[in-house]
Amino acid sequence: MTKPLSAPLEVGFDYTRSLGPTLSRFMTALRQRRVTGVRGSDGRVHVPPAEYDPVTAEPLTEVVDVASTGVVRSWSWAAEPLEGQPLDRPFAWALVLLDGADTALLHAVDAGSPDRMRTGMRVRVRWADDRVGAITDIACFEPSDEPALEPLDDDGDPVTMITSPVRLHYRHTASAEESSFLRGLAEGRLLGQRCPACGKVYLPPRPACPTDGVPTAEEVELPDHGTVTTFCIVNVPFLGQRITPPYVAAYVLLDGADIAFLHLVLGCAADEVRMGMRVEAVWKPREEWGPTLQNIDHFRPTGEPDAPYDTYSQHL
Amino acid sequence: MSDVAVVGFAQTPSVRRTTGTTNGVEMLVPIFQEVLGGLGLSTPDIGFWCSGSSDYLAGRAFSFVSAVDAIGAFPPITESHVEMDAAWALYEAWVKIRTGEVDTALVYGFGKSSAGHLRRVLALQLDPYLVTPLWPDSVGLAGIQARLGIESGLWSERAMAEVVARSRSDARANPLAQLSGEVDVEDLLAQPYLADPLRAHDCAPITDGAATIVLASGDRARELCERPAWITGIDHRVDSPSLGGRDLTTSPSTVAAGKAAGADGVSVAELHAPFSHQEILLRQALGLGDEVGVNPSGGTLCGNPMFAAGLARIGEAARRVLDGEAERVLGHATSGPLLQQNLVCVMEGRD
Ligand SMILES: [Zn+2]
């Protein structure tokens, strides 16, 4: 079997989260170049602050200022920083116990070389120039016996939300059966797969028959015409819409297939589309074809008599 | 309430990269056939299906729904999913059988780590306010934990290398292992650091794979197999998500789960330790002496299919009972950063 098709898949979104009172105070203080913690039921000072006591689960409310200087409790060396990390040159990940705190904060130390790192070394916060009220307002820590920059009061509103960008990179692989299907489309062919157990023909094909759990094996070429099983009329405009509403999105059951797929039905008024209507594919010009179902621009009515309900009732 | 036993186990080879899809169907179909075929069962005989996997690993929403294609879910099945290692799916299935609602369950986990960048994907399981925005990678975090133990005298880089050498050597008997062979501790220690104090061999490989276990209750288990691995204790506990707020040189949740599950007296333990120092930590937390054979399969350091590796530890341990090699065994699974959450499953044979 030829190699399955694969392509880069970029997943990106910004997570927006509300902070709640404890983290709101912590983040607002960071914007002012201050680090604050919270006192636990046992008197220990948690930095970063815990919302609830880790032992008693009581809500914690007593805010305690701690220093922007502290001691490295443990570290590891990041020789090749990854996307999104605090520094783009080699650095240390470290647990830093700030002066006045009883729990350690995870962050980066800009030490230049692992030879300059040791447990017990003194570090201070290097504050970011542009602070928004986020953990990244601490740009990193740096080896130093000196105090960090002084706090800088501002009269801004308390920070109540953070936005965290997530960017992940994948290589998405189509199944072997999908790959044949997609390669077939590039040649203007519609290639489904038949289940060896129940004989159903799937288009697009799937790695296993969802009814029988066995891999489909036999390739079946299908014609580019079939029947509308069900449909909806899209009346609502949305971002990225290619066609002006109203238009019809319909499930089309190709002749010989046992599963319908979603496509557009154009070429008649939206209110003329009906269940059982016979339709045929309208292909884009051949020079625009690729390994995609988008090679079919849309389906249009053939003008044949409607298919009897019994011919598609099992596919709704 | 009915006793519950592991009656069947199957897993795919652990490999660096498969050509299959991230919904796992290509990996699951053969191991379902293997485990069910071995027991003379077919899909309708299974009362409950439960899986563990992750959409972040797959890079797509609801990947576990597509995985159900591998079952052949008609007539409709009773099914559930956890976004955790499938060892926790096994816990759910164990509860389901204990309630008397069903007498068989099939548990499965799958992960295609090669689709994305595992070290970054795992940053998404951290505190989303205070930690994930810094994108700490799993190897960098493990290095911090390893150093804490080294500097406290709980283990050493040499002891870690010895774990790796023993694991790879044991894995020679495991045809499904991704890494195996005789390696010399001195040669390992001569390797450069990946994330000082961790070297590449201290970290589990990146693996695509899947695993499945069939559970059955009392009489049904005795019908299905000659020597079921009876679950005598199973428990899972969790530690604080605050990385700087807990003692990273031990694992209170493992200690507690081990006590509750009754870890004493086992002769074989399969520990889910994706980093070499974590095997030593877990051994200490569970109070396993030198007489206990740890990770005879080679363990996670020789193959780490995400969301299946913990389930596979239970399966590998159970297999020793099913084969008649051992009387009382332990399977351990972990979830979350730096052994945050831990499950212990103790099983025994009854002659
Ligand atoms: Zn079928």
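Visitor: In which strand of chain A is Gln193(A) found?

Guide: This is a predicted model, where local features need pLDDT of at least 70, side-chain atom pairs count only at pLDDT 80 or more, and totals for chains, interfaces and linings use all residues. Residues are numbered from 1 along each chain as its sequence is written, chains are lettered from A and ligands numbered from 1 in the order in which they are written, and side-chain values use heavy atoms, leaving out hydrogens and water. Gln193(A) sits in residues 190-194 of chain A, a strand in the DSSP sense (a run of E, at least two residues, numbered from the N terminus; helices are runs of H or I, at least four). That element is strand S11.

Visitor: Is Gln193(A) buried or exposed?

Guide: Buried means under 20% relative accessible area, exposed over 50%, and partly exposed in between (1.4 Å probe, protein chains only). Gln193(A) has 6% relative accessibility, so this residue counts as buried.

Visitor: Which side chain makes a polar contact with the side chain of Gln193(A)?

Guide: A polar contact is a pair of N or O atoms within 3.5 Å; within protein, one must be able to donate a hydrogen and the other to accept it, and residues adjacent in sequence count only if both atoms are side-chain atoms. For the side chain of Gln193(A), the partner is 3.4 Å away, and it is the side chain of Thr216(A).

Visitor: What arrangement do the four donor atoms around the zinc ion have?

Guide: The zinc ion is coordinated by Cys195(A), Cys198(A) and Cys209(A) through SG and by Asp212(A) through OD, at 1.9 to 2.3 Å. Donors are N, O and S atoms within 2.8 Å of the metal (3.2 Å for Na, K and Ca), and water is not among the atoms, so sites may look incomplete. Four donors count as tetrahedral if all angles lie between 85 and 135 degrees. Here the angles are 101 to 116°, and therefore the arrangement is tetrahedral.

Visitor: How is Cys198(A) classed by relative accessibility?

Guide: Cys195(A), at 2%, counts as buried. Cys198(A) is at 34%, so this residue counts as partly exposed.

Visitor: What is the omega of the cis peptide bond between Pro245(A) and Pro246(A)?

Guide: Most peptide bonds are trans. Pro246(A) lies in the loop between strand S14 (225-234) and strand S15 (247-254) of chain A. The cis bond joining Pro245(A) to Pro246(A) has an omega of about -5°.

Technical notes:
Tetrahedral: all angles 85-135°; square planar, octahedral: opposite > 155°, others 65-115°.
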